[in-house]
Amino acid sequence: MAKVISTLFISADGVAEIDPDWHFPYFDENMGRAVGDDYDTSDVLLIGRETYDSFAGAWPDREAAGGEDAPMAKQLGDVRKVVVSRQPLEFTWRNSELLDGDLIDAVTTLKADPGVRGVLIPGSISVVQQLLAAGLVDELRLLVHPVAARKGRKLFDDGDSPYHLRVIATEAFPTGVLRVIYAPTASPAKVSYDEVKGQVPEGK
């Protein structure tokens, strides 16, 4: 079964709506390698309309320009891109298609498709939120910047119950960025204060 992986740049206070002013100062070769690793996991990109518009407005021109980022631009152009939008779209970027039908049903079908190796969701906060709520995200790959953005849309919205996560891997970059890979996990057993008070430090 194909994995669904979310990859996001995120601030220390949970903002995943990127502001170049706090994002680009921390982008280095380590972050570039991590991003490349994430894209190598999958053969389908699942993206929201705003993310698609941003990508399609930049990467085809970068590929055509043939600069140092052209190989990444070509990789993005070549991969299958499934776009989540409530409105019909006219695609100018190759290998792009509109998601057919309901998001949850479509992603469930993609996960079960033996011809799909993996599905990567870059950015696209609302798409990730819906799939988290439906239990369809297999990994959250977060590049946590050492900055409190203080404004912008957060990854985790208000809800009735918490998401419990287990850590698969961590890496600290010289810039202070932390790469953390999480997977959803079951809720731990309930524990009361009386059961943990023995762990409280003794006063001096």
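Colleague: Which residues does UniProt list for the domain "Bacterial bifunctional deaminase-reductase C-terminal"?

Modeller: The UniProt record, an unreviewed entry, lists residues 3-178 for this domain. In this predicted model, the end C-alpha atoms of that span lie 23 Å apart, and the span is 33% helix and 24% strand.

Colleague: How should I read a nonpolar core, and which residues have the most contacts inside the largest one?

Modeller: The general idea is a set of buried nonpolar residues joined through side-chain atoms within 4.5 Å. Here the largest such core has 27 residues, and Leu46, Leu103, Leu131 and Leu155 have the most contacts inside it. Several elements each supply at least two residues, among them strand 1 (3-11), strand 3 (80-84) and helix 6 (103-112), while helix 7 gives the most, with 5 residues. A second, separate core of 20 residues includes Leu45, Tyr52, Trp59 and Val177.

Colleague: Leaving aside neighbours within four places in sequence, what is leucine 155 in contact with?

Modeller: Leucine 155 is in contact with Leu8, Ile10, Gly14, Ala16, Ile125, Val128, Gln129, Leu140 and Leu142.

Colleague: Is aspartate 38 buried or exposed?

Modeller: A residue counts as buried under 20% relative accessible area, and because aspartate 38 has a value of 2%, it is buried. Aspartate 38 is found in helix 2 (residues 29-39).

Notes:
Residues are numbered from 1 along each chain as its sequence is written. This is a predicted model: local features need pLDDT of at least 70, side-chain atom pairs count only at pLDDT 80 or more; totals for chains, interfaces and linings use all residues. Side-chain values use heavy atoms; hydrogens and water are left out. Buried means under 20% relative accessible area, exposed over 50%, partly exposed in between (1.4 Å probe, protein chains only). Helices (H or I, at least four residues) and strands (E, at least two) are DSSP runs, numbered from the N terminus. Contact means heavy atoms within 4.5 Å. UniProt positions are given in the numbering used here, feature names are shortened, and annotations may be inferred rather than shown by experiment.
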